[in-house]
Amino acid sequence: MERSAAKEPVWRLWVDTKRRIVSFHKEEGAQLMEFRSRELFLRCVDEYTTKLYKYQ
């Protein structure tokens, strides 16, 4: 059974590489990253954690 693209969840992060901050909300000067896979989203969070980024 096919799922409609509009009903699939989207996970978002805003990343500011200059200040080394990852936000779970829109942040001025940060780049938006969108994921349609929970697994890829969590991998990205883990990667920024290993790079000692701060979260807000």
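1. Trp11 stands opposite Phe35 in β3. Strand β1 (residues 11-16) and strand β3 (residues 31-35) run antiparallel and are joined by five bridges. Two strands count as paired if DSSP finds at least two bridges between them.

2. This is a predicted model, in which local features need pLDDT of at least 70 and side-chain atom pairs count only at pLDDT 80 or more, while totals for chains, interfaces and linings use all residues. Residues are numbered from 1 along each chain as its sequence is written, and side-chain values use heavy atoms, with hydrogens and water left out.

3. Helices (H or I, at least four residues) and strands (E, at least two) are DSSP runs, numbered from the N terminus.

4. β1 also pairs with β2, in the antiparallel sense, over three bridges. Their hairpin has four residues between the strands, and Arg20 there takes a positive phi near 55 degrees. Trp14 has Ser23 in β2 as its bridge partner.

5. Is Ser23 buried or exposed? Ser23 counts as buried because its relative accessibility is 1%; buried means under 20% relative accessible area, exposed over 50%, and partly exposed in between (1.4 Å probe, protein chains only). Of the 56 residues of the protein, 27% are buried.

6. Beyond its neighbours within four places in sequence, Ser23 is in contact (heavy atoms within 4.5 Å) with Leu13, Trp14 and Gln56.
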